[in-house]
Each structure stands twice: as C-alpha cells, then as structure tokens.
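Visitor: I'd like a close look at one part of this model, please. Start with the ring side chains and take it slowly, since I'm new to this.

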Amino acid sequence: MRAVIVSLFAASQLALAAPSERDAMALAVRGARYMQEHGKDALIASINRKDPAFNQGALYLAMRDMNGITIAHPTSALIGKNLLDVPDADGKLFRHEMLALARGKGSGWVDYKFLNPKTGKVEAKTTYVLRVEDVALEAGVYKHEDGVNRH
C-alpha cells in the first residue's frame with residue numbers, strides 16, 4: 001500500500017512539474033499584453049534574450065510573422081528562418097496550420113508531433129497560437145497520456 005501511495009505521489013509531482021495547456025495559453029496572453037504595453041521590438045528582444053518571463057525551459061514563447069518567418073525564439077538559430085514547409089514527424093505541415101489559424105479566427109490550438117529535447121523522443125505536442133497585430137505568438141506543451149494537458 002505504501003509503495004502505491006509513494007508512486008501516486010511521485011506521479012502527481014511529475015504532472016505538476018510539467019507545463020499545462022493553461023500555462024501555454026497564459027504565456028501567450030502575457031506576451032500579447034507585454035507587446036501592447038511595450039511594443040513589438042521590446043517583446044522580440046525579451047524572447048530572444050531568453051527572459052524568464054517568456055522562457056521557462058520546456059515552455060517558451062516564440063513569434064512568427066504572417067509570412068512564416070520566425071522573428072523571435074529562444075533558439076537563436078531559428079530566428080529569420082521560414083520553416084513553414086518543414087513537416088512534423090508524421091509529415092504534417094503544422095506551421096501552415098498555425099498561420100492559417102492566426103490569419104483566420106486569430107487564436108487556437110494546433111496539434112503535431114515534435115522531438116522533445118527532455119526525453120529525446122518524438123511526442124505529441126500542442127501549441128496555442130495568438131495573433132497580435134501582424135504577428136503570431138506561439139507557446140506549446142508536450143501532451144501527457146495522463147490527461148493533464150487537454151484543451
């Protein structure tokens with residue numbers, strides 16, 4: 001019995017440590033507010049310098065223009081790149097879906113498969129996309145089979 005309780009406690013702590021979809025949405029909204037208060041250039045600088053307000057390790061904010069160019073990302077090698085035609089592990093052009101969502105209703109979720117750097121495995125991921133002016137803010141989380149992350 002004690003082993004079961006310890007296992008359940010450990011699993012619950014792991015679930016609490018993983019960012020949720022609610023966290024991703026909140027991060028995108030926080031980025032939108034910051035951009036409205038301080039301007040787009042200030043948000044770009046904050047994201048690119050890995051400001052802890054917008055980069056919490058597995059959960060981070062990125063910014064893409066409406067042509068698909070990554071203009072802010074904590075991984076500096078991605079800045080200035082258009083990765084629209086780079087598919088996920090299943091061949092899905094998920095970035096096209098992100099831009100279509102931003103151009104259309106302006107916000108929502110996109111599901112895809114992506115390499116999780118923490119586990120080294122391709123896993124299901126979902127990203128919240130929020131259009132603010134002429135850019136799309138994106139914050140994503142890896143999905144968990146335990147049902148913690150659901151939108």
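**Rings that meet**

Guide: Ring pairs tie Phe94, Tyr112 and Phe114 together into a cluster. Before going on, bear in mind that this is a predicted model, where local features need pLDDT of at least 70 and side-chain atom pairs count only at pLDDT 80 or more, while totals for chains, interfaces and linings use all residues. Residues are numbered from 1 along each chain as its sequence is written, and side-chain values use heavy atoms, with hydrogens and water left out.

What counts as a ring pair? Rings of Phe, Tyr and Trp (its six-membered ring) pair if their centres lie within 6.5 Å; planes under 30 degrees apart are stacked, over 60 edge-to-face, and the rest tilted. The structure has 5 aromatic pairs. One of them is Tyr34 with Phe54, edge-to-face at 5.3 Å centre to centre and with 75 degrees between the planes. That pair links distant parts of the chain, 20 residues apart: Tyr34 belongs to helix H2 (residues 21-38), and Phe54 to the loop between helix H3 (40-48) and strand E1 (55-56). Helices (H or I, at least four residues) and strands (E, at least two) are DSSP runs, numbered from the N terminus.

Tyr34 has 23%, so it is partly exposed; Phe54 has 2%, so it is buried.

Tyr112 is buried because its relative accessible area is 7%, whereas Phe114, at 31%, is partly exposed.

Now follow Phe94 to a neighbour. Setting aside residues within four places in sequence, Val86 is in contact (heavy atoms within 4.5 Å) with Leu93, Phe94 and Arg95. Val86 sits in the loop between strand E3 (70-72) and helix H4 (94-103). With a relative accessible area of 39%, Val86 is partly exposed. Its C-alpha atom is 9.6 Å from that of His96, 10 residues away along the chain.

For a contrast, look at strand E6 (residues 135-142): 8 of its 8 residues are buried, so the rest of the structure largely encloses it. Val135, Leu137, Ala139 and Val141 point one way from E6, and Ala136, Glu138, Gly140 and Tyr142 the other way.

Terms used: Buried < 20%, exposed > 50% of the residue type's maximum accessible area, 1.4 Å probe, protein only.
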